[in-house]
Every structure is written in C-alpha cells, then in structure tokens.
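Subject: Structure handover

Hi,

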Amino acid sequence: MLALLSATTLALVAGAPWMLPAVAGEKNLQPPENIEVYITDDNFTLKWNSRIEIVENVTFSAVYQTPEVDDWMKLPGCQHIVVNKCHFSLLSSDVYEEVKLRIRAEKGNDSSSWSEVYSFIPFEEAQIGPPKVHLEAEDKAITIHISPPGTVDNVMWSLDVSAFTYSLVMWKNSSNVEERIETVRPGDKIYKLSPETTYCLKVRAKLLLYNKNGSYSPVCCINTTAENKLPPPENLEISADNENYILKWDYAYVNATFQVQWFHGFLKIIRETNLHIWQQIPNCEHIKTTYCIFPRKHLSKGIYYLRVQASNGNSTSFWSEEKKLNTGIYIVIPPPVISMKSINDSLRVYVNAAEGSVEQPYPLIYEIIFWENSSNVERKFLKEKNDFTIDNLQPLTVYCVKGRTHFVGEQLNKSSIFSNTVCEKTKPGNSYKIWVIAGICIAGVFILFTMYVMKTLLRCFNYVFFPSLKPPSNIDKYLSEQPLKNLLLLTSEEQIERCFIIENTNTNTIMKETNQIEEDHKKYNSQTSQDSGNYSNEDENSGSKTSEELLQLETESPEMNS
C-alpha cells in the first residue's frame with residue numbers, strides 16, 4: 001500500500017510540468033466577442049471580434065445547438081478559422097426554430113473558454129437576395145423574365161415563393177432619368193418603348209407580409225429591335241353575354257388575319273419555366289374580323305390573360321398587350337324569379353335564381369321594389385334572404401313587386417336587370433273578420449227593431465182599418481155570462497119568442513109585459529139554439545122593434561093619464 005502511494009505521487013509530480021503550460025495558455029487566450037450572424041437567402045455568415053491580436057497558429061472554432069439535439073455539435077465550415085468570420089449553410093430544414101452558437105479561440109493544444117451563447121431564428125434574420133433577371137427585346141416592348149431569390153432548391157423562401165412581388169427601376173441608357181414601375185411579375189412586358197433604343201433596369205424582390213425588402217439585382221441593359229412592318233393589335237376590350245365572351249381590338253391595316261391565345265393567370269406567380277404555356281382559343285384562329293366570340297364555358301372561374309397577333313402573308317406582328325380577363329367581373333347576372341303568396345293581411349315574397357343560372361362565388365343581395373297597384377308610391381327593400389314577409393297591408397288590396405340581384409365583392413359590384421312585375425291580392429285578414437262579425441250583429445239588431453216597429457204599425461193599421469167584430473154591448477153582457485160552448489151547441493128545437501101587443505094599457509101593464517119579455521129573452525139565451533145567422537139577426541131586429549114600441553108606449557101613457 002505504501003508503495004502504491006509513492007508511485008502515484010511520482011506520477012503527479014511528473015505530470016505537473018505538462019499541465020501547467022496548458023493552464024497558463026488558457027489564461028492568455030480570450031474568447032471571441034460581439035458575435036453576429038448575417039443571412040442572405042440560404043447563405044449564412046458568422047462574424048465576431050477577438051480581444052487578442054491575430055497571431056500565428058491561433059484559430060477559431062464554432063459549435064451549434066438546436067432544440068432537436070441537446071449536445072453541442074461542430075458547425076460545418078467554421079472549424080479552425082484563422083479570420084474573424086466564416087460561412088456555413090442552413091443547419092435545419094425548419095427555418096423558424098431557434099439556433100444557438102458559441103465560439104472559442106484555439107492555439108495548438110490550448111483553447112480559450114467558450115464565448116457567450118448567441119441565439120437567433122434564421123427566418124427572422126434572413127435578408128432577401130437579388131433576383132435573377134433575363135430580358136427579351138421587341139421593337140416597342142421588353143419582356144422581363146425573373147427568377148426568385150435563392151437557388152432552385154432554396155429552403156429559406158420555399159414557402160413564400162408565390163408571395164414575392166418585384167419592383168423595377170428602368171431608364172434609357174442615354175439618360176439619367178429613372179422610371180419606377182412597381183409590382184411587376186415574372187414574364188411581364190414593358191410596353192410603349194422606342195425602337196432601336198438601349199434600356200437599362202434593375203429589379204428587387206419584396207415580401208410585403210413580413211416587411212422585407214431585398215437587394216437590387218445587377219443592372220441589365222438591352223437594345224430594342226427595329227420597328228416591325230406589321231404593328232400589333234391595340235386597345236383590346238372584353239365584354240360578355242349570357243353564353244359567350246366577346247374580345248374586340250383595333251387594327252388599321254387591311255387584309256390581315258388574327259389569332260387569339262389565352263393563358264392562366266396563376267402561372268405568372270410561379271416558376272419562370274411555366275410562363276410560356278399559351279393556348280389557342282377555339283374559333284379564334286386565322287380570323288379576318290377584329291373581334292372574336294368564344295363560349296364562356298371554355299374558361300372556368302379565375303383570372304386569365306388574352307393576347308392577339310396579326311399576320312399578313314409571311315409577315316407577323318408581335319403580340320399585343322396582354323388583356324386581363326377576370327371571369328367574375330364579366331359575369332352576367334340574370335334577373336331573379338319572384339313569386340308571392342297572400343297570408344291574411346301580409347304577403348310572403350319568394351326570390352329564386354333564374355333557371356340555368358350559374359352558382360355565384362359572391363354573396364347576393366336582392367333589391368325589391370314594392371307598391372300598391374292603385375298607387376305610384378314605391379317602397380324599396382334590400383334583403384339578403386330569398387324569402388321574407390311584408391306585413392301590415394290593407395286587406396283585399398292588390399300589391400305588385402319586382403326585384404333585381406346585386407353582387408357585392410371586394411373588387412366586384414354588379415347588378416342584374418329588374419325581373420318581371422308580379423301582383424297579388426291580399427286576403428281579408430283578421431280586421432276584416434271583426435268588421436264582418438260586427439256588421440252581422442248590427443244587422444241582426446236592426447232586423448229585430450224593424451220587426452218590432454212593423455208589428456206595432458200593423459196592429460195600429462188593423463185597429464183603424466180592420467177593427468174586431470164584437471156584438472153590441474147589451475148582447476155581449478149576456479154572452480159573457482154564459483159559456484161559449486153553449487152558443488155553439490145546437491138544440492133539437494128552436495124556441496119561439498112570444499110577442500104581445502098591448503094597447504090602451506097603463507104604464508104598469510107595460511112594465512110588467514116588458515119584464516116578462518126580458519125574462520123570456522133570458523130563458524131563450526140559456527137554451528141551446530140551432531138558429532142560423534139569419535135567425536139571430538131577425539131576433540135582434542124584433543128585439544129592437546119591441547124596445548122602440550115600449551119607448552113609444554112610455555111617451556103616450558102620460559098623455560093618456562092626463
């Protein structure tokens with residue numbers, strides 16, 4: 001055991017001289033400072049400052065770390081660098097994740113401590129490089145072919161290639177006046193130039209979404225050609241009807257034929273290699289008219305570009321300026337089909353698309369004009385729904401309606417013509433029923449009152465003109481004492497009234513006779529009689545005669561007594 005300790009001590013003492021210089025060198029080498037990373041497209045440049053003078057055999061090395069790997073790894077292209085910068089490539093396919101770097105100085109076996117960690121996100125630090133530009137000249141135009149910044153297999157801008165916009169600065173080579181043209185696209189043409197003239201330009205790319213402006217491309221110059229014998233067609237105009245597009249243009253030369261081509265608009269925002277895919281429009285090749293009619297169904301929804309070329313024998317003009325066709329703008333909106341249904345004192349309005357109309361990509365608004373048929377006062381409604389109710393209308397009244405359709409979009413406002421006028425009569429409604437019930441009640445009361453008045457008048461009329469037939473009062477007195485049925489029963493034998501004629505008697509004799517007559521008369525009334533009406537009349541006549549004779553006797557008797 002003691003021997004082992006002695007050997008260990010000797011080894012440490014022997015190794016001490018070799019370790020001390022390393023510790024001393026580590027104190028003399030200072031770590032780099034002010035680390036910065038510069039990124040252009042997919043190219044990375046790492047720069048730093050050192051507090052020690054660059055001397056022979058002093059180098060620098062860098063390591064990096066990503067969230068995917070916890071260990072520090074050597075940075076390719078930045079190992080044993082003798083200057084204060086190095087170049088390296090993209091470390092990860094994800095340009096939005098954080099990367100950490102650190103550097104140290106090295107000399108032989110000696111090295112400094114690591115610098116402070118420098119972290120960055122590649123996409124945020126990246127700058128847009130210059131695009132690649134290629135020019136083609138015509139007599140009065142220049143075609144600009146632009147390739148996006150970066151390489152073909154670029155990673156930094158792979159998701160934003162279609163978002164690039166390009167600004168152009170162009171000038172005549174013989175002049176210092178610059179003309180700025182914004183937002184050009186790959187394959188665009190600069191028109192209305194002078195033949196046989198040198199033009200120079202430079203282009204830079206932009207990402208407006210991230211507020212990034214790239215650097216300009218190197219200056220490119222080109223000479224326009226001599227003026228062509230046949231000029232290109234000019235002033236292209238597009239119109240449309242329900243089934244066709246109509247393209248018109250101006251051309252001053254006669255005996256020329258024309259052809260028309262179309263091109264997908266989305267191809268202008270992708271790679272340059274796809275820019276020359278122009279296609280012929282059916283029925284618009286070798287035509288002699290200055291217009292072309294082709295079916296709408298030939299071009300689906302989207303944005304297109306059209307161009308026209310003139311030919312005369314073996315001579316051919318350059319292509320005309322490209323005309324943009326947005327199928328949404330040239331949509332022809334058919335008028336809607338309107339129907340109505342009466343519901344009490346309201347009208348339900350239904351608005352439907354015309355038969356055969358194409359489904360529209362934009363929201364629709366319906367403008368409805370509504371009025372009473374007997375009036376010129378109109379009411380206007382704007383509705384987004386295709387069915388709605390108009391309330392509080394007059395019952396049993398004719399109302400009319402017409403409407404049209406509006407397209408409302410970000411870049412499109414179009415309207416159809418008005419539809420045919422539709423009229424409908426409202427139903428009675430609840431208020432009408434109330435009035436009908438009230439009218440029936442009033443009519444019933446009036447009828448009852450009228451009947452009462454008529455009955456009263458009829459009774460008065462009958463009382464005046466048709467009085468009731470009653471017997472005389474002296475007879476009615478006796479009739480009222482006997483039951484009515486006794487008068488209606490017939491007797492087997494008729495009683496004969498006894499009459500007496502008394503002459504030259506006194507008053508007493510007359511009165512006795514008169515009383516006897518009355519008693520006989522009462523007996524007669526109490527018996528059942530089968531006399532006819534004629535007998536009753538004779539009885540009354542005989543009774544009246546007897547009464548007159550009695551009165552005459554009464555007047556004569558005083559005279560006789562005297």
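A contact here means heavy atoms within 4.5 Å. This is a predicted model, where local features need pLDDT of at least 70, side-chain atom pairs count only at pLDDT 80 or more, and totals for chains, interfaces and linings use all residues. Residues are numbered from 1 along each chain as its sequence is written, and side-chain values use heavy atoms, with hydrogens and water left out.

Overall picture

The protein chain has seven helices and 33 strands. Both are DSSP runs numbered from the N terminus: helices are H or I with at least four residues, strands are E with at least two. Of the 562 residues, 33% are buried. Buried means under 20% relative accessible area, exposed over 50%, and partly exposed in between (1.4 Å probe, protein chains only). Among contacts with a separation of 6 or more, 64% join residues 24 or more positions apart. The accessible surface is about 36300 Å², and carbon and sulfur atoms hold 53% of it. Areas come from the Shrake-Rupley method with a 1.4 Å probe; for residues, only the protein chains shown count as cover.

Cores

A nonpolar core is a set of buried Ala, Val, Leu, Ile, Met, Phe, Trp, Tyr and Cys residues joined through side-chain atoms within 4.5 Å. The largest one has 43 residues, and Leu-46 and Ile-144 make the most contacts inside it. Strand β15 (residues 198–207) gives the largest share, five residues. Another core lies apart from it, with 23 residues, including Tyr-245, Trp-249, Tyr-251 and Leu-306.

Phe-60 sits in strand β3 (residues 58–66). Phe-60 counts as buried because its relative accessible area is 1%. Leaving out residues up to four places away in sequence, Phe-60 touches several partners, among them Pro-32, Trp-48, Cys-78, Ile-103 and Arg-104.

Salt bridges

The structure holds six salt bridges. Each is a side-chain nitrogen of Lys or Arg within 4 Å of a carboxyl oxygen of Asp or Glu.

- Glu-106 pairs with Arg-104, closest N and O atoms 3.2 Å apart. Glu-106 is buried at 10%; Arg-104 is partly exposed at 24%.
- Lys-189 and Glu-138 meet at 2.7 Å, N to O. This pair links distant parts of the chain, 51 residues apart: Lys-189 in strand β14, Glu-138 in the loop between β10 and β11. Lys-189 is buried at 16%, and Glu-138 at 12%.
- Glu-227 pairs with Lys-140 at 3.4 Å between the closest N and O atoms. They are 87 residues apart. Glu-227 is exposed at 53%; Lys-140 is partly exposed at 37%.
- Glu-367, Lys-380 and Arg-404 are linked in a network.

Loop and surface

Thr-397 is in the loop between β30 and β31. Thr-397 counts as buried because its relative accessibility is 13%. Its side chain reaches the backbone oxygen of Pro-395 at 3.0 Å. A polar atom of the Thr-397 side chain also lies 3.3 Å from the backbone oxygen of Gln-394.

Leu-458, Phe-461, Tyr-463, Val-464, Phe-465 and Phe-466 make a nonpolar surface patch of about 740 Å². Patch residues have over 30% relative accessible area and no salt bridge; like charges are joined within 9 Å, nonpolar side chains (Val, Leu, Ile, Met, Phe, Trp, Tyr) within 5 Å. Phe-466 lies in the loop between α3 and α4, and is exposed at 57% relative accessibility.

Best wishes

Terms used. A polar contact is a pair of N or O atoms within 3.5 Å; within protein, one must be able to donate a hydrogen and the other to accept it, and residues adjacent in sequence count only if both atoms are side-chain atoms.
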